[in-house]
Amino acid sequence: MLLSLYFVNTLIPFSNEELLIINKGLKYIPPCQSHFYFSQPVEKIIEREYNRLHGENVKNLTDYTFSTKDSRAIEYFTEIKNLLEQLYTKPLPTKLKRHAQYIYKMIKSMQRKLRQANIAVGQTDKSKLFFFIDAQEYEEKIRNYMNKTNAYNEITSGICPLANDLHLVILLLDHLLQRNQITKEQYKQMYPNLKALELAHIYFNLKVHKPEMSVRPIVASINAPARKISAFLDELLTPIYNYVAKDVTFINGVDVIRKLKEYQEHGYLTTTTLFVIFDVADLYTMIPRNGAITALTRFCKKYSVNGKIGNIKIDTIIQLACVVLDTNSFAYKDKYYRQIKGGAMGSPFTMVLANIYMLEWEQKLIQHQQRHHEIYGRYIDDVFMTTNLSKEEILKEIDKTTVTDSNIKITTSVNQSLEYLDVTIENDNGHLRTSIYHKSASEPYILPYESDHPRHLHINIIHTGLVRAARLCSTVEDFDMERLSLEMILLVNGYPPEFIRRHMTSFFIKYDAMNVCTELTNELYQQLHHTLLYKETRREMETKIQREDNLISKKKKYEHKDEIYLHYTFENGPLLNFKKEYRQIWEKYYVYPGSRLKNTRLILGTILNRTLQSLLIHKKPKRDMLRKMEATTEAARRTINE
């Protein structure tokens with residue numbers, strides 16, 4: 001059964017063997033890449049690994065006031081280099097080598113066939129699936145999207161806008177610094193990284209979960225001129241927005257269920273209660289620029305202290321926001337474009353700007369729901385509500401809001417059983433029933449056991465799957481079906497039965513719930529369900545810290561002086577021994593009686609090799625197109641020369 005592919009009106013020229021490899025999914029990492037996938041000699045790979053470890057070690061040792069040039073350090077670094085040379089040059093076991101070589105040849109064959117065929121390959125929206133579509137049909141969908149949203153203008157001169165965008169950014173930052181509107185530290189924080197500077201580029205994920213199968217634009221702008229300003233504004237405004245909107249914002253499906261449980265406990269869930277969901281179409285590209293800036297200005301005035309957010313005046317925030325929007329330029333294929341509506345999806349500031357705009361738009365609905373003791377909550381562009389009105393009455397209330405802004409288009413569903421986020425929610429004759437909603441576009445996918453990932457990630461998949469099931473399923477029967485389904489998917493993806501049994505058992509032991517597994521005891525399951533439902537998720541902990549922190553000061557990065565972090569590239573084969581042997585070298589030289597590092601924990605983080613996604617999907621135009629400096633004004637030319 002193929003779980004990781006989506007074909008759209010096209011025949012793909014792959015053999016059965018190649019399809020089986022594609023079916024391993026976007027996140028599958030082929031094994032032993034240092035032996036087959038790099039054109040550079042192994043000496044260059046060793047040098048790259050050593051340089052990273054050397055740099056991180058120098059920083060850590062300096063922090064602890066150790067010399068990095070004494071005899072101890074010289075011997076330590078020599079042993080690290082010797083270890084890398086030993087492991088990278090050691091021959092692969094015969095069986096592993098044969099398998100890795102086979103996978104490599106299949107991937108090379110697929111890359112060649114995709115280049116020759118007129119087929120577009122990419123990632124489906126909100127999922128972990130490959131899509132394959134006729135390239136002409138794909139381009140037509142992209143053109144239709146651009147025409148429908150009217151959010152993009154082609155730069156018909158063909159001149160790369162990078163130089164002019166850079167000039168606008170630096171001009172504004174210099175202006176603000178000279179007038180003491182920002183500090184020197186903030187200036188440095190927002191100043192573009194000139195060494196890595198490049199124009200943004202756009203790519204489109206396919207919305208296979210939508211009937212019309214449209215596209216979602218993603219702008220990759222990590223090295224664009226205004227990217228750091230965008231991140232600064234996000235850091236400044238998002239904590240305030242999260243605090244203000246905390247009662248009408250859903251963090252995840254768990255959050256939705258908790259609100260519904262509380263709603264039921266207060267007696268508001270009746271046999272006639274309806275659930276309402278609506279989705280805002282193309283939110284990021286449909287909000288009008290002037291309307292968004294006006295909403296941002298009102299938001300800042302309302303929540304500022306003495307006309308400032310932190311130490312930043314409202315006028316300064318608006319100037320920074322405008323330069324982010326004014327420099328929304330990108331490359332696609334062999335052309336340049338500028339976004340003239342909304343914000344770039346992929347830019348940090350875009351989400352908080354869209355959220356602030358939506359918060360104004362939805363106020364009437366929020367107030368209506370609060371007056372009637374009903375739930376209203378939004379997750380980005382997806383809204384969930386409860387109502388004890390009739391279907392016609394609640395739709396009329398929603399219409400009162402939608403008519404206020406022609407830019408916001410919504411699709412609404414009203415029923416006693418609906419799917420929202422990853423939860424199926426049902427009003428079962430006045431009783432709340434919830435279970436996992438399996439979206440057809442993304443389920444079921446699990447990382448194959450043979451993928452070149454550290455083994456703890458495969459263990460986490462089992463634990464996370466069971467935790468998710470116990471949180472979202474309100475009945476022991478639904479939970480057990482999820483457990484069985486998870487077990488079957490794990491087996492299909494090559495997980496050994498003993499590995500599955502051992503780690504599933506450890507989950508039930510951890511939460512003192514073995515009877516749930518062996519006897520399907522509903523009473524004990526409800527205890528497990530309650531325990532995990534109200535256990536904070538990682539996302540909730542991060543949001544909580546953000547809310548409780550000083551809302552008008554920038555987030556602090558705390559250093560843990562009892563921990564040291566180093567990173568190495570993980571790979572199966574001889575390199576599996578790297579972590580263990582590196583620790584021995586570390587302890588030999590720096591963990592001795594009286595050492596300042598004796599009680600410091602060494603954490604070796606992994607850098608992963610390329611995934612099947614990065615090997616088969618190519619989104620980025622050629623570097624030359626993204627780095628052209630073609631100023632169109634004398635002022636911009638001076639900026640470049642400086």
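Colleague: Which residue does Glu498 meet in a salt bridge?

Modeller: First, a heads-up: this is a predicted model, so local features need pLDDT of at least 70, side-chain atom pairs count only at pLDDT 80 or more, and totals for chains, interfaces and linings use all residues. Residues are numbered from 1 along each chain as its sequence is written, and side-chain values use heavy atoms, with hydrogens and water left out. A salt bridge here is a side-chain nitrogen of Lys or Arg within 4 Å of a carboxyl oxygen of Asp or Glu. At 2.6 Å, N to O, the partner of Glu498 is Arg501.

Colleague: How many residues apart are Glu498 and Arg501 in helix α19?

Modeller: Helices are DSSP runs of H or I with at least four residues, strands are runs of E with at least two, and both are numbered from the N terminus. Helix α19 covers residues 497-510, and about one helical turn separates Glu498 and Arg501 because their spacing is three residues.

Colleague: Is Glu198 buried or exposed?

Modeller: Buried means under 20% relative accessible area, exposed means over 50%, and partly exposed is in between (1.4 Å probe, protein chains only). Glu198 has 7% relative accessibility, so the label is buried.

Colleague: Which residue forms a salt bridge with Glu198?

Modeller: The closest N and O atoms of this pair are 2.8 Å apart, and the partner is Lys620. The pair links distant parts of the chain, with Lys620 in the loop between α24 (612-616) and α25 (623-627) and Glu198 in the loop between α8 (184-190) and β5 (200-206). With a relative accessible area of 47%, Lys620 is partly exposed.

Colleague: What is the N to O distance in the salt bridge of Arg468 and Asp422?

Modeller: Arg468 sits in helix α17 (residues 455-472), while Asp422 is in the loop between β15 (417-420) and β16 (423-428). Arg468 is partly exposed at 27%, and Asp422 is partly exposed at 22%. Their side chains meet at 3.6 Å.

Colleague: Which residue has the backbone nitrogen that the side chain of Ser230 reaches?

Modeller: Ser230 lies in helix α9 (residues 227-244) and is buried, at 1% relative accessibility. Contact means heavy atoms within 4.5 Å, and leaving out residues up to four places away in sequence, Ser230 touches Val324, Ser347, Pro348 and Phe349. The backbone nitrogen reached at 2.9 Å belongs to Phe349.

Colleague: To what number of salt bridges does the count come?

Modeller: By the salt bridge rule, the count comes to 25.

How values were computed:
Polar contact = N/O pair within 3.5 Å; in protein donor to acceptor, adjacent residues only side chain to side chain.
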